[in-house]
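Please work through each task before reading its solution.

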Amino acid sequence: MRELPRLPRLPRLPQPLPLPRLPRRPCLPDCSAKRVVDLVGAVVLLGAFLLPLLALAGLLYAAQGGRVLDRAPAAGLGGRPFRTWRLHADPACRTGRAVRRWALDALPQLLNVVRGEMSLVGPRPENRTDRPDRLFVRPGMTGLWQVGARSDLPWEEMALVDRHYVESHWLGMDLAILAQTPRAARTHRHA
């Protein structure tokens, strides 16, 4: 057997430089038209209602003698948990009854809208849900069944109305619901 010639020894390559660590890609903000309308609408409404909201909180504090805000757990977009803000309006107190009748107890949820946890329009926020289709959109301060004849609907039909909203919502529908919300609050429809 013939011996193969020895190959020359190759020079040793230098150790490769470590790759630079790239900064983590920041989470991009939601710039959809719905989110822009939510953010602008919530900021405008907070600006318009800030002083009346503070006065109302003072009245509730004086009438009820205790806490003014409640925070309730809710499931948001994709099931992400968060806490909703509401005015603590005791129905035993005349001021509390008026606040609930005019649906003013939900005004602090504008903070949830600004934070991106809620939308102005969407299904009603719930602590947990057995209907996963609701988790495809952010819960809203007002919604399709809130501006409809909600007190006349059985619970099962409310779920169908929420599902219809989730499957077919668009910006025009949201704007129509927002336009009908003051009338619904004025006619004292309760959630």
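This is a predicted model: local features need pLDDT of at least 70, side-chain atom pairs count only at pLDDT 80 or more; totals for chains, interfaces and linings use all residues.

Residues are numbered from 1 along each chain as its sequence is written, and side-chain values use heavy atoms, with hydrogens and water left out.

**Exercise 1.** State how many helices and strands the chain contains and in which pattern they occur.

Solution. Begin with the definition: helices (H or I, at least four residues) and strands (E, at least two) are DSSP runs, numbered from the N terminus. Counting these gives six helices and four strands. Along the sequence they follow the pattern α-β-β-α-α-β-β-α-α-α. Of the 191 residues, 31% are buried, where buried means under 20% relative accessible area, exposed over 50%, and partly exposed in between (1.4 Å probe, protein chains only).

**Exercise 2.** Describe helix α6: its span, its kink and its buried residues.

Solution. First, the span: α6 (residues 171–186) has 16 residues and reaches 24 Å from its first C-alpha to its last. This is close to the expected 22 Å, which is 1.5 Å times one less than the number of residues. Second, the kink: a bend of about 30 degrees lies at glutamine 180, shortly before proline 182; the bend is the angle between axes fitted to the seven residues ending at a residue and the seven starting there. Third, the buried residues of α6 are Met173, Asp174, Ile177, Ala184 and Ala185. Their cover includes α1, α2 (94–101) and α5 (155–168), among other elements.

**Exercise 3.** Determine how many salt bridges there are, and examine the pairs of arginine 67 with aspartate 70 and of aspartate 105 with arginine 86.

Solution. Apply the criterion, a side-chain nitrogen of Lys or Arg within 4 Å of a carboxyl oxygen of Asp or Glu. The count comes to seven. In the pair of arginine 67 and aspartate 70, the closest N and O atoms are 2.7 Å apart. Arginine 67 is exposed, at 53% relative accessible area, whereas aspartate 70 is partly exposed, at 24%. Turn next to aspartate 105 and arginine 86, which meet at 3.1 Å, N to O. This pair links distant parts of the chain, 19 residues apart: aspartate 105 is in the loop between α2 and α3 (110–114), and arginine 86 is in strand β2 (residues 81–87). Aspartate 105 is buried, with a relative accessible area of 9%, and arginine 86 is partly exposed, at 30%.

Terms used
Contact means heavy atoms within 4.5 Å.
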